[in-house]
Amino acid sequence: MILFSLLIHGVLFGEYWDMVTFTRSTETWPFIPGAPIATIIFGVLISWGFTRLYAGIPGTGLRKGLNYGLILYLVFIPFVEFWTYLQYDIPFMGVIAGLLHYVITLPLGGVVIAAIF
């Protein structure tokens, strides 16, 4: 998901690719170890959720992973993106970039999780 993130945001949205830089410096001591650790925890939680919800996710095989990613997107991401927009002084295009980013990366991540599972 991180690799897709760099491609999607960097290529399609240019200056809006990294919302973190709008809100804080990326050179501070808490950010440098914190970002990779948070990313790993995020991935573990998404994978763990897939294993817990496996029986209830519609579809079979890789389709089950795709559906899981879409469900995650619909349940969490619009709220998170608009909440971030309301809390921080960021351009609205950053919200659009985030919405499009996650509609691509979460289903792809779900497919990868399903393939491994």
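## Helix crossing and overall fold

A crossing of two helices is called left-handed if the near helix is turned anticlockwise from the far one by less than a right angle, and right-handed if clockwise. By that rule, H4 passes H5 in a right-handed crossing. The model you are looking at is predicted, and local features need pLDDT of at least 70, side-chain atom pairs count only at pLDDT 80 or more, and totals for chains, interfaces and linings use all residues. Residues are numbered from 1 along each chain as its sequence is written, and side-chain values use heavy atoms, with hydrogens and water left out.

The chain has five helices and zero strands, which gives the pattern α-α-α-α-α along the sequence. Helices (H or I, at least four residues) and strands (E, at least two) are DSSP runs, numbered from the N terminus. Of the 117 residues, 28% count as buried, where buried means under 20% relative accessible area, exposed over 50%, and partly exposed in between (1.4 Å probe, protein chains only). Take contact to mean heavy atoms within 4.5 Å: among contacts between residues at least 6 apart in sequence, 58% join residues at least 24 apart.

## How H4 and H5 pack

Two packed helices are described by the angle between their axes and the distance between the axes. For H4 and H5, the angle is about 155 degrees and the axes are 7 Å apart. The axes here are lines fitted to C-alpha atoms, for helices over the stretch in contact, and angles run from 0 to 180 degrees between N-to-C directions. H4 and H5 are therefore roughly antiparallel to each other, as angles over 145 degrees count as roughly antiparallel, under 35 as roughly parallel, 65 to 115 as roughly perpendicular and the rest as oblique.

What kinds of residue make up the contact of H4 with H5? They divide into 19 nonpolar, five polar and one charged. In this scheme Ala, Val, Leu, Ile, Met, Phe, Trp, Tyr, Cys and Pro count as nonpolar, Asp, Glu, Lys and Arg as charged, and the others, Gly among them, as polar.

Gly 110 sits in helix H5 and counts as buried at 2% relative accessibility. Beyond its neighbours within four places in sequence, Gly 110 is in contact with Gly 65 and Leu 66. Gly 110 and Leu 66 are 44 residues apart in sequence, yet 5.3 Å apart in space, C-alpha to C-alpha.

## The nonpolar core

A nonpolar core is a set of buried Ala, Val, Leu, Ile, Met, Phe, Trp, Tyr and Cys residues joined through side-chain atoms within 4.5 Å. The largest one here has 13 residues, and those with the most contacts inside it are Ile 46, Phe 50, Tyr 68 and Leu 106. Helix H3 (31-53), helix H4 (62-87) and helix H5 (92-116) each supply at least two residues of this core. H5 gives the most, with five residues.

Phe 50 lies in helix H3 and is buried, with a relative accessible area of 1%. Leaving aside its neighbours within four places in sequence, Phe 50 is in contact with Ile 57, Lys 64, Gly 65, Tyr 68, Ile 113, Ala 114 and Phe 117.

Asn 67 belongs to helix H4. Is Asn 67 buried or exposed? At 16% relative accessibility, Asn 67 counts as buried. Apart from its neighbours within four places in sequence, Asn 67 is in contact with Ile 57, Pro 58 and Gly 59.
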